[in-house]
Amino acid sequence: MRWPFALPFLATLLAVEPAWALQPATHRQLAEAACSDAGLPTAFCRRMGKANFESDYHEWEELAAHAQRELGQDRCTAADAALARVDRLARETVTHVKAGNHEAGAVALGRALHTLQDECAHRGMTNEEHAFYSLTQTCTHEDVSPDVQPEAIACADRRSREVFALVATALAGTSWTDVAWICRDAQNEDSCQSATLPGPWTACEFLAQHDEWDGEDSRWNSDRVGAALVAAFGAGLAGEPAARSACGGDPTALDPVALRPPVTELDAGCKLIDIACLGKVDEDMATAEPETTGCSTGRTPGSALVLLLALALLGRKSTRDR
């Protein structure tokens, strides 16, 4: 993997006071704590946490995975995609675990939980709006990124615990024979210790979307969608009929209770980012050579690789964990 700007990017980020919160490591920490407290096996919780962490790598461009919507996509359609995702993954979790495929069940559960946690911060926000606030936060230190808000962390923690209470009930009576081996590789090494993050070029591609935002509030009604997501996940676990729609036929049902005033000053860039991305944030990146691999990192949130990628994950990934 080639990182033409890795050293200046790392040097720049090391000089910036960390201001991010709902990052992959936070996703994982909250998920594993809730899983363990629900009485599920340690190895299952750790493999679930790894999958939760790696959702940003494996599903970076799948906005339903992060409780977001595409530019121009209506709120109802986007919310329904997120509902369908958590419902499907809940059913996969139970099916795999009951069949003795504990690892596949843990992976499905981690992916579903990532979406449920991310909704606490993203609330249906488009990548374009998210990139604007991430770039503004990095360049000005204004407290504007949705992932640095304490209420997003608190929400993700509460939701994780609510979800694992449902999971524990659904998986009651499961035979956990040999579950410990799902965190051991062929060399008997701990395969759950490390996890993969997106590469740094992805950070610049994400931030480059900031100038496509029109300044209008793109979020949805989080109270309604958040509750619907948990209900859809619970229905999936229980094998009950899937929820049909978050809007119930009303296209305005998910409009925020209070829309933010339009943002008219959309110049969010700064020299900090120009150095880190070699000026690519303000250029057309369609012709840029994409990365083909990510970066493997340990579980320590303060590691250099996590700092290297933190800028991109301010907005996503990831409880971005966005």
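User: In which helix is Y133 found?

Analyst: This is a predicted model, in which local features need pLDDT of at least 70 and side-chain atom pairs count only at pLDDT 80 or more, while totals for chains, interfaces and linings use all residues. Residues are numbered from 1 along each chain as its sequence is written, and side-chain values use heavy atoms, with hydrogens and water left out. Helices are DSSP runs of H or I with at least four residues, strands are runs of E with at least two, and both are numbered from the N terminus. Y133 is found in residues 127-140, which is helix α7.

User: Is Y133 buried or exposed?

Analyst: Buried means under 20% relative accessible area, exposed means over 50%, and partly exposed lies in between, using a 1.4 Å probe and protein chains only. The relative accessible area of Y133 is 10%, so Y133 is buried.

User: Which residues is Y133 in contact with, leaving aside its neighbours within four places in sequence?

Analyst: Contact means heavy atoms within 4.5 Å. With those neighbours left aside, the contacts of Y133 are M125, V144, S145, P146, W213, R260 and V263.

User: Which residues form one aromatic cluster with Y133?

Analyst: Rings of Phe, Tyr and Trp (its six-membered ring) pair if their centres lie within 6.5 Å. By this rule the count comes to five aromatic pairs. The residues that form one aromatic cluster with Y133 are F132 and W213.

User: What kind of aromatic pair do W60 and F206 form?

Analyst: A pair of aromatic rings is described by the distance of the centres and the angle of the planes. Planes under 30 degrees apart count as stacked, over 60 as edge-to-face and the rest as tilted. For W60 and F206 the centres are 6.0 Å apart and the planes 85° apart, and the pair is edge-to-face.

User: How many residues apart in sequence are the parts that this pair ties together?

Analyst: W60 counts as buried at 10% relative accessibility, and F206 counts as buried at 1%. W60 lies in the loop between α4 (55-58) and β1 (68-69), and F206 lies in helix α9 (residues 200-207), so the separation of the parts tied together, in residues, is 146.

User: Is α5 roughly parallel or roughly antiparallel to α6?

Analyst: Axes are lines fitted to C-alpha atoms, for helices over the stretch in contact, and angles run from 0 to 180 degrees between N-to-C directions. Angles under 35 degrees count as roughly parallel, over 145 as roughly antiparallel, 65 to 115 as roughly perpendicular and the rest as oblique. The axes of α5 (residues 75-98) and α6 (residues 102-122) come within 8 Å and cross at roughly 160°. That makes the two helices roughly antiparallel.

User: How many nonpolar residues does the contact of α5 with α10 have?

Analyst: The axes of α5 and α10 (residues 222-238) come within 7 Å and cross at roughly 30°, which makes the helices roughly parallel. The contact includes L83 and V86 of α5 and L229 and F233 of α10. Ala, Val, Leu, Ile, Met, Phe, Trp, Tyr, Cys and Pro count as nonpolar, Asp, Glu, Lys and Arg as charged, and the others, Gly among them, as polar. Besides one polar and two charged residues, the number of nonpolar residues is 13.
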